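Me: I am new to reading protein models, and I would like to learn how to go through one feature at a time. Could you show me the structure and begin with a single residue?

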Amino acid sequence: MKSKKPLDVKVILKESYIKAIKNSVGSNLFRNFYAFVNGKKKDILEDGTLSCAAFTSSILYLFKLTADMHATVRGTAADLEKFGWTKIKKPREGAVLVWEAQEFGNGEAHKHMGFYIGKNKAISNSYKKRYPILHHWTFGTKNGRPVRKVEQIFWNKKLDIK
């Protein structure tokens with residue numbers, strides 16, 4: 001019996017990564033994460049309302065582009081910087097976007113994060129729908145200005161490799 005030669009398989013990182021981001025639209029996977037807070041069990045993502053960092057960091061972690069998954073924008077952004085992501089001025093397909101903090105009626109302001117997927121489009125978790133959605137990368141414009149300003153754009157050179 002002949003022994004089979006092992007297959008030479010090499011992951012196409014960027015294409016797989018972009019497809020995973022696009023395929024996440026509408027997914028409830030990133031909606032809940034439980035922790036004990038002051039001794040009481042709590043869904044710290046508030047049933048998807050606060051899931052943008054969990055969504056973003058989970059995709060990054062899946063593709064070994066960050067050290068861990070996170071529940072906060074601050075924790076995810078800090079991990080990106082430690083893991084070799086650099087800040088760039090113009091978005092590229094696959095870049096991680098961090099939007100300015102906005103208040104949503106509960107008196108608390110929150111930063112937001114997601115992915116740039118090209119052609120002025122982004123995918124991030126919607127606090128209203130509580131799952132990832134496709135939208136304009138600045139959530140549109142009003143009076144010629146972005147509805148929500150992008151404060152940081154992160155890029156990892158691993159995404160340059162074909």
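Reply: Let us start with Thr 138, which counts as buried because its relative accessibility is 6%, and keep in mind throughout that this is a predicted model. Thr 138 has its place in the loop between strand 7 and strand 8. Leaving aside neighbours within four places in sequence, Thr 138 is in contact with Trp 99, Pro 146, Val 147, Arg 148 and Val 150.

Me: Where in the chain is Arg 148 found, and which side chain of opposite charge is nearest to it?

Reply: A salt bridge requires a side-chain nitrogen of Lys or Arg within 4 Å of a carboxyl oxygen of Asp or Glu. Arg 148, found in the loop between strand 9 (145–146) and strand 10 (150–155), is buried yet has no salt bridge, the nearest side chain of opposite charge being Glu 100, at 5.5 Å. Not counting residues up to four places away in sequence, the residues that Arg 148 touches include Trp 99, Glu 100, His 110, Thr 138 and Phe 139.

Me: How many aromatic pairs does the structure hold, and how are the rings of Trp 99 and Phe 139 placed?

Reply: To read a ring pair, one looks at the distance between the centres and the angle between the planes, where an angle over 60 degrees counts as edge-to-face. The structure holds six aromatic pairs. In the pair of Trp 99 and Phe 139, the centres are 5.2 Å apart and the planes stand at 65°, so the pair is edge-to-face. Trp 99 belongs to strand 4 (residues 96–103), while Phe 139 lies in the loop between strand 7 (132–136) and strand 8 (141–142), so this pair ties together parts that are 40 residues apart in sequence. Trp 99 is buried, with a relative accessible area of 0%, whereas Phe 139 is partly exposed, with a value of 30%.

Me: How are the rings of Tyr 116 and Trp 137 placed, and are these residues buried or exposed?

Reply: The rings of Tyr 116 and Trp 137 have centres 5.7 Å apart and planes at 80°, so they too form an edge-to-face pair. Since Tyr 116 lies in strand 5 (residues 109–118) and Trp 137 in the loop between strand 7 and strand 8, the pair ties together parts that are 21 residues apart in sequence. Tyr 116 counts as buried at 8% relative accessibility, and Trp 137 is buried as well, with a relative accessible area of 18%.

Me: Which residues do ring pairs link into a cluster, and what lies over the face of Tyr 34?

Reply: Ring pairs link Tyr 17, Phe 30, Phe 55, Phe 63 and Phe 115 into a cluster. Over the face of Tyr 34 lies Lys 41, at 5.4 Å from the ring centre.

Me: How should I read a helix, and which residues of helix 1 are buried?

Reply: In helix 1 (residues 13–23), the buried residues are Leu 13, Tyr 17, Ile 18, Ala 20 and Ile 21. These residues cover an arc of only 160° around the axis, which puts them on the same side of helix 1. The face turned away from that buried side carries the exposed residues Glu 15 and Asn 23, while the buried residues pack against helix 2 (52–62), strand 4, strand 5 and strand 6 (121–125).

Me: Which residues are buried in helix 3, and what covers them?

Reply: Helix 3 (residues 73–82) has Val 73, Thr 76, Ala 77, Asp 79 and Leu 80 buried. Seen down the axis, the buried residues of helix 3 fall within an arc of 160°, so they line one face of the helix. What covers them includes helix 2, strand 4, strand 5 and strand 10, and the face turned away from the buried side carries the exposed residues Arg 74 and Lys 82.

Me: How many helices and strands does the chain have, and what share of its residues is buried?

Reply: The secondary structure comes to three helices and ten strands, and buried residues make up 38% of the 162 residues in the chain.

Notes. Residues numbered from 1 in each chain as written. Predicted model: local features only at pLDDT ≥ 70, side-chain atom pairs only at ≥ 80, totals over all residues. Heavy atoms only, no water. Phe/Tyr/Trp six-rings, centres within 6.5 Å; stacked < 30°, edge-to-face > 60°. Helix = DSSP H or I, 4+ residues; strand = E, 2+ residues; numbered from the N terminus. Buried < 20%, exposed > 50% of the residue type's maximum accessible area, 1.4 Å probe, protein only. Lys NZ or Arg CZ within 6 Å of the ring centre and 35° of its normal. Arc of directions from axis to C-beta. Contact = heavy atoms within 4.5 Å. Lys, Arg positive; Asp, Glu negative; His and termini not counted.
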